[in-house]
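Here is a short briefing for a reader new to this structure. It covers a pocket and then the pairing of strands.

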Amino acid sequence: NTNIVHRTGSETIDGVKTFVQEINGTSLRAKWADLAEVYATDIDYPVGTLVQFGGSKEMIIATSEVNGVISSNPALLMNGAEEGQPIAMVGRVPVRVKGPISKFDYIGLSDEPGVATRVEKGSENIIGRALEESSTEYGLVLCSVRFQL
């Protein structure tokens, strides 16, 4: 029977499986690398958009502070059954940036809503560090981020 998941031995499980009992384990690995939670947003934002608390829902595009970034593929998604978008709170995630960005630059909110830019070390609005570079005017850059609430 191909619908059986065995308790011992190694096997590969393809497709979506739903378990109705508690699953205990000693190891967990994820393909992606950010921790996200679903929040209601006033509109659907593209991946990498910086967001902040506020508006008629829970999150709006960031204009004055940054509380998260729209995630592409969260490694761990909390509140997954709720309506909204996955907001990365910490980890590696693509971020919308403007201007040239070098690897390991500090990044923070730019003067354009929802978009990051290079900032100086010690700046008040640092949200993370770039893990790759971009020489384009606008783009998505993989960054390590961590947000303060």
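Strand 9 (126–130) and strand 10 each supply at least two residues of the lining of the second largest pocket. The model is predicted. Strand 10 also pairs with strand 6, and the two run antiparallel.

**The second largest pocket**
- This pocket holds about 320 Å³ of space.
- Its lining has 17 residues, and those closest to the centre are Asn125, Ile126, Ile127, Arg146 and Gln148.
- Strand 9 gives the most to the lining, with four residues.
- By type, the lining residues are seven nonpolar, six polar and four charged.

**Strand 6 and strand 10**
- Strand 10 spans residues 138–146, and nine bridges join it to strand 6.
- Arg92 has Ser144 in strand 10 as its bridge partner.

**Strand 6 and strand 1**
- Strand 6 covers residues 85–98, and strand 1 covers residues 34–39.
- The two strands pair in the antiparallel sense over six bridges.
- Ala36 has Ala88 in strand 6 as its bridge partner.

**Strand 6 and strand 4**
- Strand 4 takes in residues 68–70.
- Strand 4 pairs with strand 6 over two bridges, in the antiparallel sense.
- Ala88 in strand 6 stands opposite Val69.

**A point to keep in mind**
- In a regular strand, side chains alternate between the two faces of the sheet.

Key. Residues numbered from 1 in each chain as written. Predicted model: local features only at pLDDT ≥ 70, side-chain atom pairs only at ≥ 80, totals over all residues. Heavy atoms only, no water. Pairing = 2+ DSSP bridges. 1 Å grid on protein atoms, 1.4 Å probe; cavity = no way out; pocket = protein on both sides within 12 Å on 5 of 7 lines; lining within 4 Å. Points joined across faces, edges and corners; volume = space filled by probe spheres on them. Nonpolar A, V, L, I, M, F, W, Y, C, P; charged D, E, K, R; others polar.
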